[in-house]
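My notes follow in the order I made them.

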2 protein chains.
Amino acid sequence: MRWREPPAIYLEDRGSPVERSSYLIELPTDDGGSYDVIHDASSPAAGDCCAQQSSARHNWEMNYQEAAIYLQEGENNDKFFTHPKNAKALAAYLFAHNHLFYLMELSTALLLLLLSLCEAPAVPMLRLGIFVHATLELFALMVVVFELSMKMRWLGFHTFIRHKRTMVKTCVLFVQFIEAIVVLVRQTSHVRITRALRCIFLVDCRYCGAVRRNLRQIFQSLPPFIDILLLLLFFMVIFAILGFYLFSPNHSDPYFNTLENSLVNLFVLLTTSNFPDVMMPSYARNPWSCVFFIVYLSIELYFIMNLLLAVVFDTFNDIEKRKFKSLLLHKRTAIQHAYRLLITKQRPSGISFKHFEGLLRFYKPRMCTRERYLTFKALNQSNTPLLSLKDFYNFYEVVGLKWKAKRNREHWFDDLPRTAFLIFKGINILVNSRVFQYTMYTVVAVNGIWILVETFMLQGGNFFSRNVPWSYIVFLTIYGVELLLKTTGLGPVEYLSSGWNLFDFSVTLFAFLGLMALAFNMEPFYFIVVLRPLQLLRLFKLKKRYRNVLDTMFELFPRMASLGLTLLIFYYCFAIVGMEFFAGVVYPNCCNTSTVADSYRWVNHTVGNKTVVEEGYYYLNNFDNILNSFVTLFELTVVNDWYIIMEGVTSQTTHWSRLYFMIFYIVTMVVMTIIVAFILEAFVFRMNYTRKNQDSEEDNGIVLEKEISKEEVVGIIELYKRSSAAPETAQLQKIVLQMDKYGQMSTTFLGRRSRTKSDLSMKMYEEEIQEWYEEHSRKEESQAPLQESASASNSSLKPLSLRQRSQTVI
Amino acid sequence: MRWREPPAIYLEDRGSPVERSSYLIELPTDDGGSYDVIHDASSPAAGDCCAQQSSARHNWEMNYQEAAIYLQEGENNDKFFTHPKNAKALAAYLFAHNHLFYLMELSTALLLLLLSLCEAPAVPMLRLGIFVHATLELFALMVVVFELSMKMRWLGFHTFIRHKRTMVKTCVLFVQFIEAIVVLVRQTSHVRITRALRCIFLVDCRYCGAVRRNLRQIFQSLPPFIDILLLLLFFMVIFAILGFYLFSPNHSDPYFNTLENSLVNLFVLLTTSNFPDVMMPSYARNPWSCVFFIVYLSIELYFIMNLLLAVVFDTFNDIEKRKFKSLLLHKRTAIQHAYRLLITKQRPSGISFKHFEGLLRFYKPRMCTRERYLTFKALNQSNTPLLSLKDFYNFYEVVGLKWKAKRNREHWFDDLPRTAFLIFKGINILVNSRVFQYTMYTVVAVNGIWILVETFMLQGGNFFSRNVPWSYIVFLTIYGVELLLKTTGLGPVEYLSSGWNLFDFSVTLFAFLGLMALAFNMEPFYFIVVLRPLQLLRLFKLKKRYRNVLDTMFELFPRMASLGLTLLIFYYCFAIVGMEFFAGVVYPNCCNTSTVADSYRWVNHTVGNKTVVEEGYYYLNNFDNILNSFVTLFELTVVNDWYIIMEGVTSQTTHWSRLYFMIFYIVTMVVMTIIVAFILEAFVFRMNYTRKNQDSEEDNGIVLEKEISKEEVVGIIELYKRSSAAPETAQLQKIVLQMDKYGQMSTTFLGRRSRTKSDLSMKMYEEEIQEWYEEHSRKEESQAPLQESASASNSSLKPLSLRQRSQTVI
């Protein structure tokens, strides 16, 4: 199949756009309808030819930029009402949307958060004078003011006011400002619980989008969660009353002597951290009293707590799907907006390459010319010179692909001389053979058992002897040889492209470093030696389920990290509040009046001629500085023996302190339940996906193949030459040279990217997506009857099946 | 629409069956092919007319019985290879399949299990002499032998050998027999761990089918579970080695001084029951050591443990669906087998009422004639005189319906005189009004707050004063009046048909009993007073989610109970093993050499002039008898501070005892994970169902409406008169009389039953079920090309939509 039209024709297009970028006309900012259709796109048709051309080019540049902004908004899920409405707003938008600005945002937020390390109950090593940290804070707040003013310029006053998150941020900023000034003036820190609100500066960062999404998801899951929580608390109150009536006559039972104690102890019992202790006094008196506790735990812990998980899981699933849907439709709308800015009056049926290239120059400045053309070709499924809206809908799926020329060589050593080739080929076959693999597995297993036995034989004492054990050297040599063989057999690039090989490589490297540490006796690095057993993880490659699990683990990692960060933000808030109220409250032998005095004891007494130290250690779980607070909060998260910490603090303050600990427990319960629901959802989704696509081949990302003929490359070079962008054509000319060298008429390129959750969802909900699209376009038609969108939405579109390899030229 | 043929014709049918019951021909039991098709069903066509008729009737009776047995097998999910193959087997089958036999089975099993209460480490009050309990055991075992011999007679030797569960039971029986005799001879109990196997007698009971299913499900979920468990243990070993290297140089750290300790403590840390204690010694020395514990807990507890749940949940979902599918297809096959036995040579296209009635006489002997006819009509969707296979497929859905004549009266008081009617009508309107309901909710809420405040005011002391508090009387009066109004307004039958009203009623009754107890000063019943706050549960009716949750709770209840029973069976096994090894091992002040000595301390010392008792109480958590063992095992299930119990026992025995506790933990983890997965699955399933059927009306079971004309009733009476079954027609004649009285030509009956999980699944998997059926019939065709099944399976059948109300006569 040949091109019907010579490439030069469709590569260039001098028409004027159907719709003009809104930045060309200064619309009043408060009418809000900046992207109403302007059908009479009367580009300056008369006057000086040169001026007209330059003006037309300017027009187009503006259109490209606005289209790129629309696409960015679609990608980032920014609502269109924050779209910059005029040239001034655009400048502010561009200023506020680049990595330098984002980094500034992030570093200010981090600086503000890290200040807590140095403020009043500071980490001893990092203590700063009040003057210093207050000045730092003021400086950081000034930067935030600057950021906000840029944002206001971009959004305009009215949108700014309506944007909730920004408004909250402004209020917090205001409060922080006043407090910082007060601190500076008084030269002493007051109770500053508001410091807990500093997190909002971090949450609002562009880079913390995932955290924002998590928080939104948590808040959306709250209503059903609270409902079940009330049920839980209700049963707790009933049992507290019952327990009080049943057990308070027993005077040796300290757990139920008042209704408050009864409630608190049943709350702690829900976390099972005082079981069986809470039961023992009554159990000692009457064995049947265990029924009360068994019934309570069965209802509360084994039923309602699981119900909580079920409800959150269900809500979570539902939200995930709705989120996917809204994001998908948002992207689609963004693409429609961009499309309308890129078509010309002369050719209203599609986008020419020239305009597409112009768009990409703004959307992805780093992309090279070759990639831009390949993206255009990959999108263009109909092989006409113009890109229709239907093709353009796949923009987000295709634009992320990384293009590489398809190598004709199978192995890296194909070009080597015959003898070398045979040697390397032999190594290659050996390395890929099952025998080699299983030998290595055996070695790893033997090594594992060896380490275990070796460690078992050492019982205490100084095990880092000066002479390196010979077994270590033997195994390390074997791993070294394996590494060498694999690298030479597969070629370094292919070797390191597999995650598992990378893992092998780094573990072997660590083992080698450990050996160095042992040999040169560098004590601080001894811990590396200990990482040797990680080699054993390789054994899990053997079974499909483990590969599945570990792959899921890696896929989950970014999301898990963002959930962890979300948890840390909650930790931060609670740490600040804890420090303000409980700093310096617990210390050795502090709580002698409470029931948990033993855990806080620190006695240094002499028995015979030996000094015996009796340590309860719990005084270490305090809120004396932010790092200690974090560790204490982690202990509270794990909920074992947390009542010891709670009672310790309570005995030194008031019994209202318990509220702090209980609220913290409930908050972590929410976040933890959501983490569990998330892991469940991700894993079950993946298993369902695997089950549904059992027939499809091994999963290694998304691959798309495209062929380009020499003719086309020359055409593009011509195009660029005319628009005097000489440096960009250098790469293309190299391709032409290479084709000439090998006498090829065309080169094939492979586009690759890793598979995302969105791709999987696309495939899972294939049928439903069609319905959504149709529903969406119906809704849009009724709202704004646009020419293009109407014509496009009538044809039901299938998402691009990326596996389908299209060849345009034979 | 009128009947095309007069009813008398299709009500009677004198043809001979196409296929003869296998009990008529004495097939050799070992050929296994008893239900091969016998096409030449040459019923005795010549000879004495009377003898022929009686022989034909005998033939039919046999066919009915076998068809009923097939249907029972389909319902109980018994495999067809256990189908009784000849007349002798049939007798044994009938003997072994009735409630008397089942009860015998159950009571022997329970007797055997309960013997553990009286054997060697017996509950003090129930101790029996060795001679007594060994004789009892022998007796119970003899009964089991009898049961097994009946089973052998029914199954035949070859099938008996092949039936795994029965074979295991036989072996266990044999062992138990020998041991019981040994005990009797030696007059002393030896170490009898095999007693743990007694559970199999309970599991094999007909009534414990749910437990068997749970166990099967647990075993099916095991492979993926074990895979992830290995991953868990692997990381544990790696961290144990790492921990040993890092912390053993610290001599004040008792947790990591040997590799074994390191492993055990990390195992306990996985259950979080020694956190933060296990961290404190190293944390006191170096604050950064907390990183080790945080990383360990994050990987093991928060990631892999959740993964475990995810994997089990996923497997569980998959198994549930496959189970539903196989059960559905099994039922379908059973129906096909039964159908083939009920059609006649003359009318091969369907079953006549006479034969259907004959089948029901064996399948459900308690069913009355009216119900049989209604069932037939409900099944017969095509309104032809014969029941086709397609109609017959709905047998199981329809046969469970309870039929009642549709009442013409709206209220129970419609027939009363005018004045009374108006009064009751007024009460009815009042009771159903929103104002009344919300007033009651307010009263309940006020009552709740009252109780809470009242309890809070009482601080210790004897709160059961002699004079009944007036608030109690006031609220009880209000509830009494409400109860009275509701009963009179709605009628007692309708009032009690709602679960919520039943709940109200019982709580009010309890409150009344409590009042009696207070008034007449009966101390042991005081606890009833305490149940008053349960009234508050009524408030949860207000919100839809709570209604949903509580409904799900009630639906789950039978399944939860069977899961609980399954857990108890595991408990029993572990309790027996625990008692054999650890009975009498722990006692006050027993473990002074271990690290947990404090918890076992019991000191009685005098300070000044007061005697202070310091009790550690943990010596109460022992294995001294089976009841104590159960409580101890429950404490181990809750996994808080379980290491104190483990260390106590370990310090008195060997360190291998830890294996017992660890294995128990893992087993309960499996069962608990499955319980969680089950609750999740049930709840998510229900939510999905609700979401899918949002438009459908309020859910109140399955209702089917059928109308019968007088003509038909008379026809049935005639039929019965001819077959001289006079007493059965009495009820029918009453219907005719009633119709005459009201001058009706027909009566409408309502069939009702509650909705089961199977019904929901039917609706959820509607589309897939069609595929299964088609696949199934294709498979069957290829295996045994039967005339009928082939013709029936070609038409794709939809499951009966039970809501569809068909009216056969106008």
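I began just after α23(A), where A:V639 takes a positive phi of about 50 degrees. The model is predicted, so I noted its limits: local features need pLDDT of at least 70, side-chain atom pairs count only at pLDDT 80 or more, and totals for chains, interfaces and linings use all residues. Residues are numbered from 1 along each chain as its sequence is written, chains are lettered from A and ligands numbered from 1 in the order written, and side-chain values use heavy atoms, with hydrogens and water left out.

**Helix α23(A)**

I took helices as DSSP runs (H or I, at least four residues), numbered from the N terminus. Helix α23 of chain A covers residues 626–638. Its 13 residues reach 19 Å from first C-alpha to last, close to the 18 Å expected at 1.5 Å a residue. That expected span is 1.5 Å times one less than the number of residues.

I then looked at the start of α23(A). A side-chain oxygen of A:N625 comes within 3.0 Å of the backbone nitrogen of A:L627.

How many residues of α23(A) are buried? I found 11 of the 13, so the helix is largely enclosed by the rest of the structure. Buried means under 20% relative accessible area (1.4 Å probe, protein chains only). Among them are A:I626, A:F634 and A:V638. In chain A, the buried residues pack against α22 (544–582), α24 (642–652) and α25 (657–692). In chain B, they pack against α11 (280–285) and α12 (290–342). Contact here means heavy atoms within 4.5 Å.

**The two copies**

I laid chain A on chain B: RMSD 0.1 Å, by a turn of 180 degrees and a shift of 0.0 Å along the axis. The copies are thus related as by a two-fold rotation axis. The same surface serves both copies, as 100% of the contact residues of chain A recur in chain B.

**Aromatic rings**

I searched the whole structure and got 101 aromatic pairs over all chains. Rings of Phe, Tyr and Trp (its six-membered ring) pair if their centres lie within 6.5 Å; planes over 60 degrees apart count as edge-to-face. B:F234 and B:F235 have centres 5.8 Å apart and planes at 75 degrees, so they are edge-to-face. I found both B:F234 and B:F235 buried. B:F239 and B:Y296 are also edge-to-face, at 5.2 Å and 70 degrees. B:F239 lies in α9 (residues 209–247) and B:Y296 in α12, both of chain B, so the pair ties together parts 57 residues apart in sequence.

Methods: Copies are superposed by least squares on the C-alpha atoms of residues with pLDDT of at least 70 in both. Helices (H or I, at least four residues) and strands (E, at least two) are DSSP runs, numbered from the N terminus. Buried means under 20% relative accessible area, exposed over 50%, partly exposed in between (1.4 Å probe, protein chains only). A polar contact is a pair of N or O atoms within 3.5 Å; within protein, one must be able to donate a hydrogen and the other to accept it, and residues adjacent in sequence count only if both atoms are side-chain atoms. Rings of Phe, Tyr and Trp (its six-membered ring) pair if their centres lie within 6.5 Å; planes under 30 degrees apart count as stacked, over 60 as edge-to-face and the rest as tilted.
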